[in-house]
Amino acid sequence: MSYLLRHEAWGHCFGRLGDEYGGSQPSDDAFRQDLANYHNAAKPQQLNIASSSNRDEAPWRMFFNYPAEYPEVGMFEGAYHRNTGSWRPTDDSIMRSHATEFNAPCRWFIIERIMRLSGETMSFEEFVTWDARNRNKVKQAKHSMIPVIPGTTLGPVSGDDIILN
């Protein structure tokens, strides 16, 4: 239940993330146009999915500037209910399987949204520093849903319930 809540509530509902698992849907022009529309909308979504293997076009391309910090981030084919013609940022994450955590790009997209909604900002460079200090804490927490963001009014989220202090 905890996985399902994190995947559906934090991943889809709050983070506006797409599923990172494959399937039999076609990767046609309509898919590519729909994904472009999602990425360029006033409220962007599905930013963890790409319709091209071109690293320079991936919504998570900024992670490629930090290969030492994020060696797991790349272009992995098979996502958004398609086995081919769609890419995800990592081999596995909570948006693909019953993994216990969000991958780094998904964490960035969720945290960036939290900061924007709280009227605060965090540069990508600040995120990299913050993530280096906190990502192991998230991995160690059995039911961690998303880490505390220092300097905000948002508190920790843990357990099987979503609780914002």
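**Notes on a predicted model**

Q: Starting with His-81, what is its relative accessible area?
A: In this predicted model, His-81 has a relative accessible area of 29%, so it counts as partly exposed.

Q: Is Gln-46 buried or exposed?
A: Gln-46 is buried, because its relative accessible area is 9%, and the cut-off for buried is under 20%.

Q: Let me step back: which helices and strands are there, and in what order?
A: The protein has four helices and two strands, and read from the N terminus on they follow the order α-α-β-β-α-α.

Q: What share of the protein is buried?
A: Of the 165 residues in the protein, 45% are buried. The exposed surface comes to about 8500 Å², with carbon and sulfur atoms supplying 50% of it.

Q: Now helix H1: what does it span?
A: Helix H1 covers residues 2–14 and spans only 16 Å between its end C-alpha atoms, whereas a straight helix of 13 residues would span 18 Å at 1.5 Å a residue.

Q: Which residues of H1 are buried, and what do they pack against?
A: The buried residues of H1 are Ser-2, Tyr-3, Arg-6, His-7, Ala-9, Trp-10 and Gly-11, and the helix they pack against is H3, residues 104–117. After H1 comes Arg-16, which has a positive phi near 55 degrees.

Q: What does His-12 touch, apart from its sequence neighbours?
A: Leaving aside neighbours within four places in sequence, His-12 is in contact with His-7, Leu-17, Gly-18, Asp-19 and Met-95. With Asp-19 there is also a side-chain to side-chain polar contact of 2.8 Å.

Q: And how far is His-12 from Gln-45 in space?
A: Their C-alpha atoms are 9.0 Å apart, and the two residues are 33 apart in sequence.

Q: On to H3, what is its span?
A: H3 has 14 residues and reaches 20 Å from its first C-alpha to its last, which is close to the 20 Å expected at 1.5 Å a residue.

Q: Why call H3 largely enclosed?
A: Eleven of the 14 residues of H3 are buried, so H3 is largely enclosed by the rest of the structure. Among the buried residues are Cys-106, Trp-108, Phe-109, Ile-110, Ile-111 and Arg-113.

Q: What happens at the two ends of H3?
A: At its start, a side-chain oxygen of Asn-103 comes to within 2.9 Å of the backbone nitrogen of Cys-106. Just after H3, Gly-119 has a positive phi of about 75 degrees.

Q: How many aromatic pairs does the structure hold?
A: The structure holds ten aromatic pairs. One of them joins Trp-108 and Phe-127, whose rings are tilted at 55 degrees between the planes and lie 5.2 Å centre to centre. That pair links distant parts of the chain, since Trp-108 is in helix H3 and Phe-127 is in helix H4 (residues 124–140), 19 residues apart.

Q: Which residues form the aromatic cluster?
A: Phe-63, Tyr-66, Tyr-70, Trp-108, Phe-124, Phe-127 and Trp-130 form one aromatic cluster.

Q: Last one: which rings have an arginine over them?
A: The charged end of Arg-55 sits over the ring of Phe-64, 3.7 Å from its centre, and Arg-113 lies over the face of Phe-14, 4.6 Å from the ring centre.

Note on methods: Residues are numbered from 1 along each chain as its sequence is written. This is a predicted model: local features need pLDDT of at least 70, side-chain atom pairs count only at pLDDT 80 or more; totals for chains, interfaces and linings use all residues. Side-chain values use heavy atoms; hydrogens and water are left out. The expected span of a helix is 1.5 Å times one less than its number of residues. Buried means under 20% relative accessible area, exposed over 50%, partly exposed in between (1.4 Å probe, protein chains only). Contact means heavy atoms within 4.5 Å. Rings of Phe, Tyr and Trp (its six-membered ring) pair if their centres lie within 6.5 Å; planes under 30 degrees apart count as stacked, over 60 as edge-to-face and the rest as tilted. A charge sits over a ring if NZ of Lys or CZ of Arg is within 6 Å of the ring centre and within 35 degrees of the ring normal. Accessible areas come from the Shrake-Rupley method with a 1.4 Å probe; for residues, only the protein chains shown count as cover. A polar contact is a pair of N or O atoms within 3.5 Å; within protein, one must be able to donate a hydrogen and the other to accept it, and residues adjacent in sequence count only if both atoms are side-chain atoms.
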